[in-house]
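Me: I am new to this one and would like to go through it step by step. Could you show it to me first?

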Amino acid sequence: MSARERTGKQLLALEIAQARAYLEGTMLREQRPEKLAEKSTLELEREAELLREAVMLRQQREVAEHVRATIERDRAALRPRSSAPTS
Amino acid sequence: MREYRKREGLTQGQLGELLGVKQTDISRIENGRIMATPELEEAFWSLWKAPPEPEPIPEPEPPASGTGEAGDVLLELMTAARSELGHPMSPEEAEELSRAGPEELLSQSVLLREALEVQASRELLAGAKAFRKRRESARSGGGQKC
């Protein structure tokens, strides 16, 4: 294996580990990227591509959730407050 | 040798001159009638600095179906996204997607992301309109008090 291919595999393994850590909410060191580098380049490329897409989809969902929460907050702020009890 | 010579636009005579051999020797080597000496071979490669990299051996292609653990993660997110969009994925659809190749899964996911983006934009717009309407009605109500 050439040095270039080895570096490429290491970068892919790191990307996979980072994506998994983000998706699972775990620490990066728990993912052990050095273990991933034992897989073939093709396997790593495929996995990285799928996880890259999963990260983008998750981020898009988080954006949607944030938008909804913001709208709801604004709505609540403008909602007329219940009138104070008359003495 | 022929391939490299032609790529550089050299004649057999010109290459012979560069390597310090006759044109006929180059012709014989190219036609496989004689073998180049190690010295000549070395001189030849030194002209191009380095010998060409060997053809990479292709890795065995994994089976087309099945996307492994990463595919399962993506599919799970896609199922949740479909529910958010108000079009929950049927068990048949989920089963079909779980058997699909990575390209199919990726293209479906891209579409879902775009749909989520459109939905978020619509919600944002509707929210902004409602906010403006309420603020205006609150202002006009306040004006009456004054």
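Me: Leaving aside its neighbours within four places in sequence, what is A:A54 in contact with?
Reply: This is a predicted model. Within chain A, A:A54 is in contact with A:A19 and A:L23, and from chain B it is in contact with B:V73, B:L74 and B:L77, its neighbours within four places in sequence being left aside.

Me: Which residues have the most contacts inside the largest nonpolar core?
Reply: They are A:I16, A:L51, A:A54, B:L74, B:L77 and B:M78, in a core of 23 residues.

Me: And which elements give two or more residues to this core?
Reply: Chain A supplies α1 (3-24) and α3, while chain B supplies α5 (68-84) and α7 (102-145). In soluble globular proteins, nonpolar side chains tend to be buried together.

Me: What does the second, separate core include?
Reply: That core has five residues, among them B:L15, B:I26, B:I29 and B:F44.

Me: B:L15 and B:I26, then. Which helices of chain B make the contact that has these two in it?
Reply: B:L15 belongs to α2(B), which brings B:Q12, B:G13 and B:G16 to the contact as well; B:I26 belongs to α3(B), which also brings B:Q23, B:D25 and B:S27.

Me: Changing topic: how many helices and strands has chain A?
Reply: Chain A has three helices and zero strands, and its pattern along the sequence is α-α-α. Of its 87 residues, 23% count as buried.

Me: Which residues of α3(A) are buried?
Reply: They are A:L44, A:R46, A:E47, A:A48, A:E49, A:L50, A:L51, A:E53, A:A54, A:L57, A:Q60 and A:A64.

Me: And how far does α3(A) reach from its first C-alpha to its last?
Reply: With 38 residues, α3(A) reaches 55 Å, close to the 56 Å expected at 1.5 Å a residue.

Me: Last topic: how many residues of chain A are in contact with chain B?
Reply: The contact involves 25 residues of chain A and 31 residues of chain B. Helix α3 (residues 41-78) of chain A gives the most to the side of chain A that touches chain B, with 23 residues. That side of chain A divides into twelve nonpolar, three polar and ten charged residues.

Conventions. Residues are numbered from 1 along each chain as its sequence is written. Chains are lettered from A and ligands numbered from 1 in the order in which they are written. This is a predicted model: local features need pLDDT of at least 70, side-chain atom pairs count only at pLDDT 80 or more; totals for chains, interfaces and linings use all residues. Two residues are in contact if their C-beta atoms, placed from the backbone, lie within 7 Å. Helices (H or I, at least four residues) and strands (E, at least two) are DSSP runs, numbered from the N terminus. Ala, Val, Leu, Ile, Met, Phe, Trp, Tyr, Cys and Pro count as nonpolar, Asp, Glu, Lys and Arg as charged, and the others, Gly among them, as polar. A nonpolar core is a set of buried Ala, Val, Leu, Ile, Met, Phe, Trp, Tyr and Cys residues joined through C-beta atoms within 7 Å. A residue is buried if 20 or more other C-beta atoms lie within 10 Å of its own, exposed if 12 or fewer, and partly exposed in between; C-beta atoms are placed from the backbone. The expected span of a helix is 1.5 Å times one less than its number of residues.
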